[in-house]
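The reader may wish to keep the sequence and the coordinates in view throughout.

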Amino acid sequence: MTERLDHMRQVPALTQKLTELTFALKKGTVEQTILSFVEIRASQLNGCAFCLDMHIKQAKLHGERELRLHHVAIWRESTLFSDRERAALAWTEALTRLSPEGVGDDVYAAARAQFSEDELVHLTYMVMVINAWNRASIAFRSVPGSQDKAFGLDKAGLS
């Protein structure tokens, strides 16, 4: 894979704004573990190799168990996720792959059963943000692992 354009350096002011939003959401009311699963699952669905690579390494650095990271792709069948995590993953899938009917009432009800209104807004914006990052990384073919040293991801031991 050859990078087409380094979008993060080309227009740093836009990258900074999206980065600020990302970090604001990570300081919000939804726990880091769930936000990591949101980033991983959306990146899997979108086929964003750069973001998937990055967020798995970040989750590992935050102490997430490797088996759970492997199971994100099969979360429906796995016994390793809580009801809250499952609701977040279903919400992520519904918003990442919008159907012509939009988000179903069942998915919304499951999410509302696990998240307060404030948390659901934070979760929704996190899904929006990771989808934005995915689209930029896919469009410009960001190379997985190419920013590991700059982002401190080399410490994850997953090279």
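Read from the N terminus, the elements of this protein follow the order α-α-α-α-α-α-α-α-α. The model is a predicted one, and the protein contains nine helices and zero strands.

The overall dimensions may be considered next. Along the principal axes, the C-alpha atoms fill a box of roughly 40 × 30 × 30 Å. The radius of gyration of the protein is 15 Å, which agrees with the value near 15 Å that a compact globule of 159 residues would have. Of the contacts in the protein with a separation of 6 or more, 73% are between residues 24 or more positions apart.

Of the 159 residues, 42% count as buried. The protein exposes about 8,700 Å², and carbon and sulfur atoms supply 56% of that area.

Attention now turns to the interior. In soluble globular proteins, nonpolar side chains tend to be buried together. In this model the largest nonpolar core has 35 residues, and I34, V38, F115 and L123 are those with the most contacts inside it. At least two residues of this core come from each of α3 (32-46), α4 (49-61), α6 (83-96), α7 (105-114) and α8 (117-139). The largest share, seven residues, is supplied by α8.

Leaving aside residues up to four places away in sequence, V38 touches A88, T92, L123, M126, V127 and I130.

Which residue, 103 positions from M126 in sequence, lies 9.9 Å from M126 in space, C-alpha to C-alpha? That residue is F23, which is placed in helix α2 (residues 12-26). Is F23 buried or exposed? The relative accessible area of F23 is 51%, and because the threshold for exposure is over 50%, F23 counts as exposed.

D6 provides a further case. D6 is found in the segment before α1 (7-10). Its relative accessibility is 18%, and since buried means under 20%, D6 counts as buried. D6 and A87 are 81 residues apart in sequence, and their C-alpha atoms are 35 Å apart in space.

Terms used: Residues are numbered from 1 along each chain as its sequence is written. This is a predicted model: local features need pLDDT of at least 70, side-chain atom pairs count only at pLDDT 80 or more; totals for chains, interfaces and linings use all residues. Side-chain values use heavy atoms; hydrogens and water are left out. Helices (H or I, at least four residues) and strands (E, at least two) are DSSP runs, numbered from the N terminus. The radius of gyration is taken over C-alpha atoms; the globule rule is 2.2 Å times the number of residues to the power 0.38. Buried means under 20% relative accessible area, exposed over 50%, partly exposed in between (1.4 Å probe, protein chains only). Contact means heavy atoms within 4.5 Å. Accessible areas come from the Shrake-Rupley method with a 1.4 Å probe; for residues, only the protein chains shown count as cover. A nonpolar core is a set of buried Ala, Val, Leu, Ile, Met, Phe, Trp, Tyr and Cys residues joined through side-chain atoms within 4.5 Å.
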